[in-house]
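Let us walk through this protein step by step. We start with its open spaces, then turn to a helix.

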Amino acid sequence: MTGWQQKPATALLILDDGTRLEGHGIGAVGHSAGEVCFNTAMTGYQEILTDPSYAGQIITFTFPHIGNVGTNDEDIETVNMAALSGVRGCVLRADITNPSNYRAAEKLDAWLKKRNIIGISGIDTRALTARIREKGMPNGVIAHAPDGYFHEPSMVAELKAFPGLEGLDLAKEVTTAQTYHWDQTPWSRTGGYGKLENPEFHVVAIDYGAKRNILRQLAHQGARVTVVPATATARDVLSHNPDGIFLSNGPGDPAATGKYAVPTIRTLMETGKPMFGICLGHQLLGLAVGGRTEKMHQGHHGANHPVKDLTTGKVEITSMNHGFAVDTGSLPAGVTQTHISLFDGSNAGLSVDGKPIFSVQYHPEASPGPHDSHYLFTRFLNLVREQKGLPVTPEHLKLE
């Protein structure tokens, strides 16, 4: 009779404070450094892992069972299906099980390999999450070695070389390389994704790391969308003669991206055209009006964050993914805070007084997440409708 034997560790996570966590390797082989955050969503792991806003980060999932519905080609959020999101790794509690869902086309483990994402399972994610909440988001390095051999000096060297997200412009790494048009509409159970046949409006979206479902929601409102790179100038944007301008989500430090984005946004604000920003787009708009952004202690990552819309008094449950925030106290006169987080009171939205310009910190496209905030796309296109002298759509009605 042989004694009990523990399976050797095939994955390793080392934090910048020296914490060393062993587990079982999944996904790609190798090692990669990034900022370690946690996400509290119970669903939508594939959308999360393909969200360009997570570039440079290692995602700890607080929900223990990740991978149980497999993966498919429909739930990818990077616009280019072949493009990588920039996610550096993922941390799971339980081992990946065989998928059990009629939409599953591939197991999560194989899908992670194809997208070059390193994963580790068997980690006490509650303890890791508690550490992040107490001490803030650490830098870390994650490794997967099927033979269980780790060259830790190389890992530590990579960790020390990782600069952290402060001062890092990652939008240039995930933005589109060329201008393109978008007309796909949201998914339905019976018909899959649709196509906008007769657009009423034209919106130019500046891509700092745009998600597919944001573009679908704009198309759902009747807008043909032209997507331009993050480095597009105001002249580039206006050459398309848009009815409205959208500032997308994205990763990295808004102050770094703002060095080239803010002058463009300020020029576009002077045109009087309706503007709407989400996530990084919100932060860049905050900088453009004269505010400041700041690094958050633990960030907001999840699909269950309560936000109050101060313009209506209503509370909505939202999907969030950001490690920087607009400093409310830095907003100048003429700019109104429209939304606040009910978790910590941080800024979650703003509008420019007397102008058709507003933005929110969270993700109203709800992919993943609840649909409470879809009304914001109606609010944006209603500003376009008003300028065109068209009837507006009640925000509480769902467009079919």
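Helices (H or I, at least four residues) and strands (E, at least two) are DSSP runs, numbered from the N terminus. The model is predicted, so local features need pLDDT of at least 70 and side-chain atom pairs pLDDT 80 or more, while totals for chains, interfaces and linings use all residues. Residues are numbered from 1 along each chain as its sequence is written, and side-chain values use heavy atoms, without hydrogens or water.

Now look for pockets. On a 1 Å grid over the protein atoms alone, a 1.4 Å probe fits at the points of a cavity but cannot get out, whereas a pocket is an open set with protein on both sides within 12 Å along at least five of seven lines; lining residues have an atom within 4 Å of a point.

The largest pocket is lined by 50 residues. Nearest its centre lie Q217, E365, A366, H371 and H374. Five elements each give at least two residues to this lining: α1 (45-49), β9 (184-188), α6 (212-220), β16 (314-326) and α10 (375-388). By class, the lining of the largest pocket has 14 nonpolar (Ala, Val, Leu, Ile, Met, Phe, Trp, Tyr, Cys, Pro), 20 polar (the others, Gly among them) and 16 charged residues (Asp, Glu, Lys, Arg).

The second largest pocket has 16 lining residues. V79, N80, V174, T175 and T176 lie nearest its centre. Its lining has seven nonpolar, seven polar and two charged residues.

Finally, find helix α9, residues 280-288. Just after α9, G290 takes a positive phi of about 110°.

Technical notes
Buried < 20%, exposed > 50% of the residue type's maximum accessible area, 1.4 Å probe, protein only.
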